[in-house]
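These are my notebook entries on one protein structure. I set down each item that I looked up, together with what I found.

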Amino acid sequence: MKDIFKGEELLTVLGALSNPYRLKIIAILHQEKQYVSQLARELGISRPLLYLHLQKLEEANLINGYHEVSESGKAMKYYTLNPFSLTLNADVISQVANDITDKNSKE
């Protein structure tokens, strides 16, 4: 993952990391790629709920999903973890703060 130089990117990544299930998904994918049903079973959640979490992680470019065909001919969606490192300190925040838009403000 590239360095974060924009405020909106930082907010997207932080939002994606702000959920315990998404942190668990990252921990699992750090070990090896997984397909959706396997992830859902390991986490003990439904596939529709899992897809919502996966979507947030993909939007933040933390994971990548792709299809593979199994030996039996079944299409399976796999996910892998994208390499990333996040440095967060006052310097980083001050560099990107001016780039952040307040979605609640009315100009």
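**Entry 1. Confidence**

I first noted that this is a predicted model. I looked up the confidence and found that the protein averages a pLDDT of 89. Of the residues, 91% score at least 70. I then went through the elements: helix α5, residues 90-96, has the lowest mean pLDDT, at 88, and α2 has the highest, at 98.

Leaving out residues up to four places away in sequence, L54 touches I25, V36, L39, I63 and Y79.

**Entry 2. Helix α1**

I asked which residues of α1 are buried. They include G7, L10, V13 and A16. The cover over the buried residues of α1 includes α2, α4 and α5.

I also looked at T12, which is placed in helix α1. T12 has a relative accessibility of 34% and so counts as partly exposed. Its contacts, apart from neighbours within four places in sequence, are E59 and A60. T12 and E59 are 47 residues apart along the chain, yet their C-alpha atoms are separated by 7.5 Å.

**Entry 3. Packing of α2 on α4**

Two packed helices are described by the angle between their axes and the distance between the axes. For α2 and α4 I recorded an angle of about 75° and axes 10 Å apart. The two helices, α2 and α4, are therefore roughly perpendicular to each other. On the α2 side, Y21, R22, I25 and I26 take part in the contact. They meet L50, H53, L54, K56 and L57 in α4.

**Entry 4. Packing of α3 on α4**

How do the axes of α3 and α4 cross? I found a crossing at roughly 100°, with the axes coming within 10 Å. Helices α3 and α4 are therefore roughly perpendicular to each other. The contact is made by V36, S37, L39, A40 and L43 of α3 with R47, L50, Y51 and L54 of α4.

I took up A40, which lies in helix α3. Is A40 buried or exposed? A40 counts as buried, at 6% relative accessibility. Not counting residues up to four places away in sequence, A40 touches I45, S46, R47 and L50. I also checked A40 against G73, 33 residues apart along the chain, and found their C-alpha atoms separated by 21 Å.

**Entry 5. The salt bridge**

How many salt bridges does the structure hold? I found 1 salt bridge. The partners are E68 and K33, and their closest N and O atoms are 2.9 Å apart. E68 lies in strand β2 (residues 63-69), whereas K33 lies in the loop between α2 (20-31) and β1 (34-35), so the pair ties together parts that are 35 residues apart in sequence. I then looked up the exposure of both residues. E68 is partly exposed, with a relative accessible area of 27%. K33 is also partly exposed, with a relative accessible area of 36%.

**Entry 6. Two asparagines in loops**

I looked up N61, which has its place in the loop between α4 and β2. N61 has a positive phi of about 60°, although it is not a glycine. With 41% relative accessibility, N61 counts as partly exposed.

I next turned to N82, in the loop between β3 (75-81) and α5. N82 counts as buried, at 16% relative accessibility, where the cut-off for buried is under 20%. Not counting residues up to four places away in sequence, N82 touches N61, L62, I63 and N64. I also recorded the separation of N82 from H67: the two are 15 residues apart in sequence and 16 Å apart in space, C-alpha to C-alpha.

Definitions and conventions: Residues are numbered from 1 along each chain as its sequence is written. This is a predicted model: local features need pLDDT of at least 70, side-chain atom pairs count only at pLDDT 80 or more; totals for chains, interfaces and linings use all residues. Side-chain values use heavy atoms; hydrogens and water are left out. A salt bridge is a side-chain nitrogen of Lys or Arg within 4 Å of a carboxyl oxygen of Asp or Glu. Helices (H or I, at least four residues) and strands (E, at least two) are DSSP runs, numbered from the N terminus. Buried means under 20% relative accessible area, exposed over 50%, partly exposed in between (1.4 Å probe, protein chains only). pLDDT is the predictor's confidence in each residue, from 0 to 100. Contact means heavy atoms within 4.5 Å. Axes are lines fitted to C-alpha atoms, for helices over the stretch in contact, and angles run from 0 to 180 degrees between N-to-C directions. Angles under 35 degrees count as roughly parallel, over 145 as roughly antiparallel, 65 to 115 as roughly perpendicular and the rest as oblique.
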